[in-house]
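Me: I'm new to this one. Could you walk me through how to read a few of its features?

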Amino acid sequence: MTIHKPNPHDSAPLHVTGRARYTDDTPLPAGTLHLAFGLSEIAAGQITEMDLAAVRAARGVRTVLAAEDLPFANDVSPSIGDEPLLATGEIHYLGQPLFLVIADSHLNARKAARKAEVTITERPAILTLDDALKAETHFESPLTYQRGTPEPQSSPHQIEGQIEIGGQEHFYLEGQAAAAEPQEDGMIVHASTQHPTEIQHKVADALGLPYANIRVVTRRMGGGFGGKESQGNALAVACAIAAHLTGRPCKMRYDRDDDFIITGKRHDLRITYTAGFTAEGQIEHLQFTQYVRCGWALDLSLPVSDRAMLHADNAYYIPNIAITSHRLRTNTQSNTAFRGFGGPQGMVGIERVMDHIAHHLGRDPLEIRQANLYGPAPRNITPYHMEVTDNIAPELIQSLAESAEYTARRAEIEASNAKNPVIKRGIALTPVKFGISFTLTHLNQAGALVHIYADGSIHLNHGGTEMGQGLNTKVAQVAAEVFAQPLDAIKITATDTGKVPNTSATAASSGSDLNGMACKAACETIKQRLTDFAAEHWQQPTANILFTPEGVQIGSETLSFTDLIKTAYMHRISLSSTGFYATPKINWDRIQGKGRPFFYFAYGAAVTEVAIDTLTGENRILRADILHDCGTSLNPAIDIGQIEGGYVQGAGWLTMEELVWDAKGALKTHAPSTYKIPAASDRPEFFNIALWEGENREDTIYRSKAVGEPPLMLGISTLMALSHAISQCGDGSTYPDLDAPATPERILLAVGAQRSEIW
């Protein structure tokens with residue numbers, strides 16, 4: 001058996017030795033040309049003149065393209081076609097590509113791009129949520145999901161509040177990169193992308209060719225986190241157009257500062273709330289309004305905003321609720337997919353409400369959370385009318401609270417805080433209930449291709465992309481399990497639209513669920529052919545044909561897998577098959593806010609302990625205890641790694657990763673020197689992770705559960721623990737109202753507010 005075991009990542013030795021090949025490492029022929037964009041230096045306006053003579057005359061430049069030079073479609077949008085590759089006159093954000101330089105080296109292209117003389121009639125930029133609300137720049141009319149009567153006036157206790165939740169830079173280790181090689185019948189594109197099929201479509205449209213003429217290949221990415229779901233389109237299309245026009249291979253990669261300035265981020269939100277509840281803290285009525293800063297183009301903002309609404313309940317039953325979402329256009333980078341895809345922002349809102357209620361009632365926030373959890377009918381219906389049939393949150397939370405000694409530690413922390421005026425500690429336990437499936441229903445499909453060669457070696461290709469998360473290892477485990485072969489017998493090759501067509505993005509935590517099932521279907525088709533052949537050839541009932549690690553049992557005889565394959569080949573048995581999988585049971589009407597958008601939920605909970613320095617605002621995570629639900633894990637080692645990384649990335653988003661734009665719309669945090677992500681030293685000194693023991697109730701791949709996105713939301717416990725620590729600085733009369741990210745400056749201001757200090 002290869003599944004449910006901690007098999008190592010298939011590329012781990014290549015990663016640690018530097019031999020893993022990424023897009024920028026792809027060998028290309030001599031004479032490859034290199035590309036760079038010329039970027040807008042203002043956030044909003046109209047181009048009145050663009051003099052590119054100096055650019056064309058610069059060293060090493062072969063040609064320069066503006067929008068009017070493009071042969072066919074000028075669009076790299078993943079949605080409604082509102083995102084031109086090159087500006088057509090209107091400037092929408094500072095960093096927007098205006099023209100494309102094609103030169104003999106990356107450095108020469110980048111230097112030349114700075115030489116343009118562009119005259120722009122500037123207009124006032126819409127940069128903030130308040131600007132957008134004043135200008136009424138909505139992408140669509142505000143959307144509301146509602147059940148019952150959300151107005152809280154009839155409840156004995158009421159609160160209202162607001163939280164600002166900042167965005168987040170993806171900061172993948174490998175930046176955006178692409179290359180294109182012209183062929184006699186089309187184009188081969190190498191792209192660092194989570195969505196090769198979307199690249200295929202965009203390149204085909206840009207060249208005026210059928211999809212079949214474009215082949216997109218992705219071996220691996222050095223991180224994606226959603227930032228390579230749509231943001232790689234521009235580079236791939238630019239390379240393909242340049243290769244088409246010059247007849248030479250073309251390559252493009254963003255330097256890190258250009259990557260920051262050009263590409264979208266996690267959506268930042270403002271959430272306002274009013275809640276009515278009982279003396280026991282049970283919510284009766286709740287109103288949320290989510291204001292989402294989308295940026296200049298639509299990109300994936302609608303489904304991201306939808307998912308924020310769909311996770312505004314997290315693990316809690318709220319009988320009367322209204323969630324209203326405003327999707328606002330601003331003259332900033334077009335915000336895009338990011339791990340959790342809006343879910344984390346929605347969850348922060350409800351966790352803030354739970355924390356605020358506890359403060360209002362003088363209760364432990366864990367008690368309030370437990371009082372509001374989903375339970376048996378009728379307390380098992382979500383605000384979008386989906387029945388929660390797999391609820392393990394109450395048992396999981398109680399188990400973690402006991403194993404982490406939450407109650408005793410909270411009491412000890414508060415006693416210690418009373419004696420220490422400078423260093424204050426805090427603790428919080430928050431749950432996660434995260435829906436698994438694409439909310440755009442047709443994306444919930446996947447394909448795979450499996451070959452067995454005459455020597456018994458197995459070749460596997462699937463539509464998912466490997467970005468370090470171990471997807472290839474998990475899918476290979478599935479193939480090895482079906483054929484009872486060792487894991488190293490499975491050869492996985494680069495994701496390739498020429499092998500598996502019409503793929504969905506590797507996103508929505510669906511990589512293993514979709515591609516694992518497609519792989520299993522292909523393998524079982526071949527296995528059935530082999531079983532039927534062996535039964536006929538050796539005159540045995542099919543029940544007597546068994547695939548085992550020791551070989552293939554055929555009655556009383558055991559034949560090696562290789563010998564069976566050789567014999568089947570000699571008798572003209574097909575040893576190749578495709579496999580396909582479509583997620584069952586899901587249906588969703590996003591406008592009505594009704595249906596079953598998710599196949600199942602993944603659960604988890606985290607206890608985080610923090611300390612703050614009340615003189616400086618400096619803070620640290622001292623300890624984290626996590627219990628997470630992976631169903632029956634396909635690979636516990638890989639899943640624990642995802643949980644560790646997700647928690648740290650979530651904590652980083654909510655504590656230190658701050659995006660700052662100036663009054664002109666320039667992103668000032670555009671490099672590692674100005675944008676802080678968690679380092680190894682920021683992880684908790686005590687980091688305890690356990691997997692919940694229980695299989696998925698739904699029929700997923702070997703009863704496992706997705707683990708890509710859900711762990712990020714475990715980091716929300718960090719923000720709530722900081723809130724607890726700050727509340728210990730005063731007399732308890734003032735709620736901390738801590739915005740995110742909870743930087744030292746924000747913590748210091750919150751401490752001052754607790755102590756009624758004027759800053």
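Predicted model: local features only at pLDDT ≥ 70, side-chain atom pairs only at ≥ 80, totals over all residues.

Me: What is the angle at which α16 and α17 pack, and how far apart are their axes?

Reply: The general idea first: a packed pair of helices is described by the angle between the axes and the distance between them. Here, α16 (residues 636-655) and α17 (residues 716-727) pack at about 45°, and their axes are 7 Å apart. That angle makes α16 oblique to α17.

Me: Okay, on to strands. Is β10 buried or exposed?

Reply: Strand β10, residues 186-191, is mostly covered, with six of its six residues buried.

Me: Which way do β9 and β10 pair, and how many residues lie between them in the hairpin?

Reply: A general point about strands: in a regular one, side chains alternate between the two faces of the sheet. As for this pair, β9 (residues 177-183) and β10 are antiparallel, with six bridges. The two form a hairpin, with two residues between them. To find your place, look for Glu181, which stands opposite Ile188 in β10.

Me: And in what sense does β10 pair with β11?

Reply: That pairing is parallel, over four bridges, and β11 covers residues 214-218. Here His190 stands opposite Val217 in β11.

Me: What is the strand order in the open sheet of five strands?

Reply: Read across, the order is β7-β15-β14-β13-β8, and the pairing is mixed.

Me: Why is one side of β7 and of β8 left without a neighbour in the sheet?

Reply: Because β7 (143-147) and β8 (157-165) stand at the edges, where each has a single partner strand. Ignoring direction, neighbouring strands of this sheet are turned by 10° against each other on average.

Me: How many bridges join β8 to β13?

Reply: Nine bridges join them, and the two strands run antiparallel; β13 is residues 268-277. One spot to look at is His157, opposite Phe277 in β13.

Me: Which helix packs on that sheet?

Reply: Helix α8, residues 301-310, touching β7, β13, β14 (283-295) and β15 (320-329). The direction of α8 makes about 155° with that of β15.

Note on methods. Residues numbered from 1 in each chain as written. Heavy atoms only, no water. Buried < 20%, exposed > 50% of the residue type's maximum accessible area, 1.4 Å probe, protein only. Pairing = 2+ DSSP bridges. Axes fitted to C-alpha atoms, helices over the stretch in contact; angles between N-to-C directions. Contact = heavy atoms within 4.5 Å. Parallel < 35°, antiparallel > 145°, perpendicular 65-115°, else oblique.
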